[in-house]
Amino acid sequence: MARETRVRFAPSPTGPLHMGGVRTALYNYLFAKQNNGKFILRIEDTDSQRFVPGAEAYILEALQWCGIVPDEGIVQQGVNEDGTPHYVLAEEKSEKNPHAPYRQSQRKPLYRQYAEELVNKGFAYYAFDSAEELNQKRAEAEANKQTFIYNYESRKQLRNSLTLSKEETERLISTTNNWTIRFKIPENETVKMNDLIRGEMEVNTNTLDDKVLWKAADQLPTYHLANIVDDHLMEITEVIRGAEWLPSLPLHYLLYKAFGWEDTMPRFAHLSLLLKPDGKGKLSKRDGDRLGFPVFPLKWVNPETQEVSRGYREDGYYPEAFVNLLALLGWNPGTEQEIFTLEELIPIFSLDRVIKSGAKFNVEKAKWFNEQFLRRRTAAQLAQEFAPAVKEKTGREYSQLFLEEVCTLIKERAHFSTEFWDISKALFLCPDGAAQVTAAAQPETPVAVYNLDDVKKFCTEENKAHVAELLSLIKESTFPTFTDNQNDRTTLLATASTASANATTPVTYKELCCSKIEELLTGYIKAKEWKMGQVMNTLRLFFTGNTRGLGISDIIYFIGKECTIKRIEAGLKAC
RNA sequence: GGUCGGUUCGUCUAACGGUUAGGACACAAGAUUUUCAUUCUUGUAAUAGGAGUUCGAUUCUCCUACCGACUACCA
C-alpha cells in the first residue's frame with residue numbers, strides 16, 4: 001500500500017531563515033501539496049550553543065508571509081495584529097499534530113535509547129576521548145599534512161568501548177559525563193545511494209568517519225541521529241534538503257540499515273545551493289549587505305548586536321513575487337511560462353526538473369518578477385498600498401478614486417509600489433519656487449525643487465513667452481479635470497458618447513478629460529507652429545521641477561485648473 | 001589534502017544522440033511619444049578544454065581544468 005506523502009522542513013533556529021532555506025521549504029511544500037500529502041515543520045535545535053532567541057518565531061512568520069504554511073507541527077495561538085492567525089510550534093499531541101512535540105530539544109529523552117540500541121546491536125560504541133584530545137590529534141595530523149579522522153583504523157588506537165575493558169567502559173560511563181556514542185562505520189563496504197535529482201551514487205565506507213550520534217555532556221543527540229530517528233518516527237517519505245547534506249547521505253543510509261528501517265527509508269532529493277551573484281561560494285548573509293539586496297525574507301534584528309538585516313518584505317517585494325523567483329531559481333516548468341502563483345506551481349512542480357548545478361541569484365530578475373505582480377494588481381489594491389505613504393507625505397487624505405486613478409497611471413513606471421510616491425509626488429505637492437535657485441536639498445520639506453540644468457536649458461525668453469501665452473489660454477478656457485462627483489463624471493461621459501458615436505471615443509472619464517486638455521494645448525501649440533518639445537518640457541518643469549516624468553495632460557487632470565495656473569505663475573516668476 | 005557534487009549567452013535556463021542551440025532578465029539599436037517610462041520590432045551574446053564511442057555528441061564514457069559542498073561532541 002502506498003504511503004501518504006509526508007515531507008518536512010527542518011531548520012535550525014540559529015538565526016533568520018535565509019532565502020535558500022525558504023526555497024527548500026517551498027519545494028517541500030509544493031511536493032507535499034501535489035501528492036495530497038503533509039508538509040511538516042520540525043525545529044532542529046539540538047545545538048544549545050548556537051540557539052538564537054527569536055529565530056524560531058522568525059521562521060514561522062517568514063513561512064507564513066510566503067504562504068507556505070505547514071500542515072503539521074504548528075498550532076494557532078490567537079491572531080496577529082493584521083488579523084492573520086498567529087502560529088507557534090506544536091508542543092502537545094493532537095489529531096493534527098500526532099508527533100508533537102516538534103522541537104527536538106523537547107524530544108530529548110527519546111534519543112538516548114536509540115543510540116544505545118545501536119551500541120547493543122554492535123553498530124555504535126562509547127567513545128571517551130575529550131574534545132581537546134581530538135583537536136590536538138587533528139592539529140598534529142595537519143602539521144604533518146595529513147588529516148585525522150575518527151574511523152575504522154584510528155578507532156583502534158583511541159579510548160573507546162572497543163579498546164577498553166567492559167568494566168572500564170562501565171566505570172567511565174557512570175563516573176564521567178563527557179563521553180559520546182559514535183557510529184561504527186563498517187569497513188570497506190560500498191554504499192549505493194539514489195538521489196531523486198542526481199541519480200545513482202556510491203561511496204566506499206573507508207572514506208567516512210565515525211560520527212558522534214549522542215553526547216553525554218548535554219544528553220542531546222547530534223543532527224544525524226535526531227534527524228534519522230525523527231524522520232522515521234514522523235513517517236517521512238521524502239527528504240528534500242540542501243546539497244550541503246549530500247556528503248552525509250551515506251551515513252544516513254547506514255543508519256537506516258543499522259536500525260533495520262530500510263523498508264521505510266525515505267527517498268532523498270538534494271537541492272543545489274544558491275550562489276553569490278558575483279564571486280564564489282554559497283550565498284551568505286554578507287552578500288546582501290555588500291551587493292544591496294536582501295538575503296532574508298523578512299527584516300531581522302540580531303538580538304545580540306542589534307545589527308539589522310533587510311528583508312524582501314520590507315524592501316517592498318510581494319510574497320507572490322518572492323515565491324515565484326525562488327521557485328524558478330533551480331527549477332523550471334519546461335514551458336516558457338515564468339509567472340506563477342503558489343497555487344499554479346503545485347500541479348506542475350516536479351523534482352525531475354530541478355537543476356543539479358548551483359544557481360546564482362540575480363537582483364534584476366528579482367525586481368522584474370515583482371514588477372510583473374505589481375502590474376497584475378488592481379487599482380484598488382495598489383491604492384490601498386499607496387494611501388499610507390500619501391498621508392504621511394502630504395498630511396492629508398485623498399479619495400480612493402483619486403488614488404486609484406493615480407495608481408493606474410503610474411503602475412507601469414514602477415517595480416515596487418514603494419516607488420509610487422517619487423513617481424507621482426508632483427500630483428500632490430507643488431515645486432517650491434523659492435528653494436529652486438539654490439538647489440539646496442531640503443529633506444524636511446517634501447516639495448520638489450526645480451532642476452537647475454533643466455532651468456538652464458528650457459527657461460529661455462522664448463519658451464517663457466510661449467508658456468505665458470498658454471497660461472492666458474488656460475485661464476480663459478474651461479476644461480474638465482479630476483472630480484469625485486459621480487454625477488459630473490457620468491454626465492460628461494454621456495454627452496461625449498452622444499456627440500461622437502465612433503469606436504475610438506474615450507472610454508473612461510479620465511481619458512476623456514485628458515484628451516480634451518491635450519486638444520486644447522497641442523491644438524494651440526501646433527497652430528502657432530511652436531516646437532512641441534520645448535513648450536511642453538517648460539510646462540513640465542514648472543509643474544514637477546524637472547523635465548522628465550508624467551504627461552502634461554495627466555498632470556493637469558489631477559492637479560486641477562487652479563493649481564495649474566498657480567504652478568505656471570510660480571515657474572514664470574522663479575525661473 | 002581527501003571525499004562527493006557540478007560546468008550551455010553576463011545571469012536564470014530550454015533542447016528522446018540529428019535544432020539556423022530556443023526563451024527570459026540585463027544590455028544595445030530602431031519605431032511610437034511633448035520628456036521619461038511603457039509598448040512594439042530588431043540585435044549582440046553560450047555548449048570549459050582534450051580524447052573516445054557513434055553515420056552524427058550540448059546530450060554517453062574517460063582525462064584535464066575550473067567552481068562548489070563536506071571534511072566538529074554545528075546544523
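1. Helices (H or I, at least four residues) and strands (E, at least two) are here DSSP runs, numbered from the N terminus. Pro101 is found in the loop between strand 4 (85-89) and helix 3. The peptide bond that leads from Ala100 to Pro101 is cis, with omega near 0°.

2. The model is predicted: local features need pLDDT of at least 70, side-chain atom pairs count only at pLDDT 80 or more, and totals for chains, interfaces and linings use all residues. Residues are numbered from 1 along each chain as its sequence is written, while chains are lettered from A and ligands numbered from 1 in the order in which they are written.

3. Domain bounds come from an automatic or database domain assignment. For chain A this assignment gives domain 1 (6-102 + 273-367), domain 2 (105-226), domain 3 (378-427) and domain 4 (433-574). Between the C-alpha centres of domain 1 and domain 3 the distance is 30 Å.

4. A residue is near a molecule or strand if its C-beta atom, placed from the backbone, lies within 6 Å of it. Around RNA strand B there are 63 residues, of which Ser12, Glu44, Asp47, Lys280 and Ser357 come nearest. For the classes, Ala, Val, Leu, Ile, Met, Phe, Trp, Tyr, Cys and Pro count as nonpolar, Asp, Glu, Lys and Arg as charged, and the others, Gly among them, as polar. On that basis the surface near RNA strand B has 20 nonpolar, 22 polar and 21 charged residues.

5. Helix 20 provides the largest share, 5 residues. Beyond helix 4, the loop between helix 4 and helix 5 (166-175) holds Lys145, whose phi is near 60°, a positive value in a residue other than glycine.

6. Axes are lines fitted to C-alpha atoms, for helices over the stretch in contact, and angles run from 0 to 180 degrees between N-to-C directions. The axes of helix 20 and helix 21 come within 9 Å and cross at roughly 80°. Angles under 35 degrees count as roughly parallel, over 145 as roughly antiparallel, 65 to 115 as roughly perpendicular and the rest as oblique; helix 20 and helix 21 are therefore roughly perpendicular to each other. Two residues are in contact if their C-beta atoms, placed from the backbone, lie within 7 Å. Helix 20 contributes Met536, Leu539, Arg540, Leu541, Phe542 and Phe543 to the contact, and helix 21 contributes Ile552, Ile555, Arg567, Ile568 and Gly571. By class, the contact of helix 20 with helix 21 has 8 nonpolar, 1 polar and 2 charged residues.

7. Two strands pair if DSSP finds at least two bridges between them. Strand 7 (residues 190-195) and strand 8 run antiparallel and are joined by 6 bridges. Asn194 has Glu200 of strand 8 as its bridge partner, and a hairpin of 3 residues connects strand 7 to strand 8.

8. An open sheet of 4 strands, with antiparallel pairing, has the order 5-6-9-10. Its edge strands, strand 5 (124-127) and strand 10 (220-221), each pair on one side only. Helix 3 (residues 108-121) packs on the sheet, touching strand 5, strand 6 (180-183), strand 9 and strand 10, and its direction makes about 110° with that of strand 5. Strand 9 pairs with strand 10 in the antiparallel sense over 2 bridges, and Lys215 stands opposite Leu220 in strand 10.

9. Helix 3 also packs against helix 6 (residues 223-233), at an angle of about 100° and with the axes 10 Å apart; helix 3 and helix 6 are therefore roughly perpendicular to each other. Leu110, Tyr111, Tyr114 and Ala115 in helix 3 meet Leu225, Ala226 and Val229 in helix 6. This contact has 7 nonpolar, no polar and no charged residues.
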